[in-house]
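Hello,

Here is the structure you will be working with. Please open it first and keep it in view while you read the notes below.

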Amino acid sequence: MSSFKLCSLKSLLTGILATTLSVGASAAIPKIIKLDYAYYAPTSLIVKDQKLLEKALPNTEVKWVFSQGSNRSLEYLNSDSTNFASTAGLAAVLSRANGSPLKTVYIQSQPEWTALVVSKDSTIKSIKDLKGKKIAATKGTDPFLFTLQALDSAGLNKRDVQLVHLQHPDGKTALERGQVDAWAGLDPLMAAAQIQSGAKLIYRNVNFNSYGVLSVKEDFAKQNPEAVEAVIKVYEQARKWALANPEKTAELLAKESKLPLAVAKLQLSRTNFQQNIPSEKQIQALKRSGNILIEEQLVRKGTNVNQVIDQLFDPRFAQKVIK
C-alpha cells in the first residue's frame, strides 16, 4: 500500500474515532435538562436560585417549571415536560404503581409538611369530628394520602367524609372562606394559614408524612447516567447549604413564595435535611404507609405495593457521587 493511501486511511480512521468520541461525549449530558421547583422542596429553590446546575454543566441549557404539588410534578415528568420531579415519596409510589416508570434517586428532606387544618373558630377538635364534613385535599399528593391514613387511624374512611379535590392554594382559600370544614394543608401554605389567619392543626403525625424525593424516568436514567449524577450532586450541594444557612434558606423561601419570613421559618422548623441517599429507612417507612393505597383502591387490584416500592428506589447514582 502506498504511503499516500496509508496516510489517507489513517486520516479516515482518526476522523471516525473523533466523531465517535464527540458523539459519545455529547450523548453523556443532554443539551437541555428540565427540572421542577416547588415551595415544598426548598433544596430545589436553592439549586435554581444559585444556578448550581448551570455552573456544573455550562454547555447545557437548564429549564425550570414550577410545581404546585406532587400531582403536577408527576404530570410534568410523565409528559416529558421535565426530566426530574420533586415530590412526596408516597406520591411517587402511587405513580409507579399505576404504570409510570419512575426511579427515586435522591432524598431531599424529611418534612412534616402536612397536617389536618381547621379555621381559627372551628369547633372540630379531632379526626372523629370530621365525620360527614368537607375536607379539601389535592388528589395524588402527600396531604391527600395523609388524610386517608388519618381517617383510617380513627376508624373512618373516605366515604365517611366529603373529600373536595382542590389544588393546595385553593384548599387554603376554601378553608378561609368557610367553604370546607378542614383542609389537608401543605407547607408553606399551611404555615401561612397558621400565622396569618390563626388556623389550627387538629391532627399531626410525622410518620404519615412521606419523604421529599427526587425522581426520574427509568429510560432517562439509563440513557443519561452522567446527567442524573450531576443533578444529584447539585441537590446535595443545596442540602448542605440549607443546613449551614438556615436564615438565608428561610429568606429565599419567603422571597420565592412571597410569604412572610415567619411563615418560611415555621415551615423549615418542621423540615429535616439530614437525609440524602435512598435507603432501607425510607423504603420501610413507605411500606408502612403503602397499605392505604390498596385499602383505598388507589392502585390496580392485585398490585404488590411492597414490590413497587423496592423497584422505585435506585440509590446507585447517589451512592456514586455523595461522599
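Lys 48 lies over the face of the Tyr 37 ring, 4.6 Å from its centre. Please keep in mind that this is a predicted model. Tyr 37 also belongs to a cluster, joined by ring pairs to Tyr 39, Trp 64 and Phe 66.

Aromatic pairs number nine in the structure. One of them is formed by Tyr 40 and Trp 113, edge-to-face, with 5.9 Å from centre to centre and 85° between the planes. This pair links distant parts of the chain, 73 residues apart: Tyr 40 is in the loop between β1 and α2, and Trp 113 is in the loop between β4 and β5. Tyr 40 and Trp 113 are both buried.

Side chains of opposite charge can pair when their charged atoms come close.

- Glu 112 pairs with Arg 204, with 2.9 Å between the closest N and O atoms. Glu 112 is in the loop between β4 and β5 and Arg 204 is in the loop between β9 and β10, so the bridge ties together parts 92 residues apart in sequence. Glu 112 counts as buried because its relative accessibility is 11%, under the 20% limit; Arg 204, at 46%, counts as partly exposed.
- Lys 172 pairs with Glu 176, the closest N and O atoms being 3.1 Å apart. Both are in helix α7, four residues apart, and therefore separated by about one helical turn. Lys 172 is buried, at 13%, whereas Glu 176 is partly exposed, at 41%.
- Asp 310 pairs with Lys 287 at 3.0 Å, N to O. Asp 310 is in helix α14 and Lys 287 in helix α13, so this bridge ties together parts 23 residues apart in sequence. Asp 310 is partly exposed at 42%, and Lys 287 is buried at 16%.

Helix α14 itself covers residues 305–312, and Val 305, Val 308, Ile 309 and Leu 312 are buried in it. Seen down the axis, the buried residues of α14 fall within an arc of 100°, so they line one face of the helix. What covers the buried residues of α14? The cover includes α5, β4 and α13. At the start of α14, a side-chain oxygen of Asn 304 comes within 3.2 Å of the backbone nitrogen of Asn 306.

Regards

Methods:
Residues are numbered from 1 along each chain as its sequence is written. This is a predicted model: local features need pLDDT of at least 70, side-chain atom pairs count only at pLDDT 80 or more; totals for chains, interfaces and linings use all residues. Side-chain values use heavy atoms; hydrogens and water are left out. Buried means under 20% relative accessible area, exposed over 50%, partly exposed in between (1.4 Å probe, protein chains only). Helices (H or I, at least four residues) and strands (E, at least two) are DSSP runs, numbered from the N terminus. The arc is that of the directions from the helix axis to the C-beta atoms. Contact means heavy atoms within 4.5 Å. A polar contact is a pair of N or O atoms within 3.5 Å; within protein, one must be able to donate a hydrogen and the other to accept it, and residues adjacent in sequence count only if both atoms are side-chain atoms. Rings of Phe, Tyr and Trp (its six-membered ring) pair if their centres lie within 6.5 Å; planes under 30 degrees apart count as stacked, over 60 as edge-to-face and the rest as tilted. A charge sits over a ring if NZ of Lys or CZ of Arg is within 6 Å of the ring centre and within 35 degrees of the ring normal. A salt bridge is a side-chain nitrogen of Lys or Arg within 4 Å of a carboxyl oxygen of Asp or Glu.
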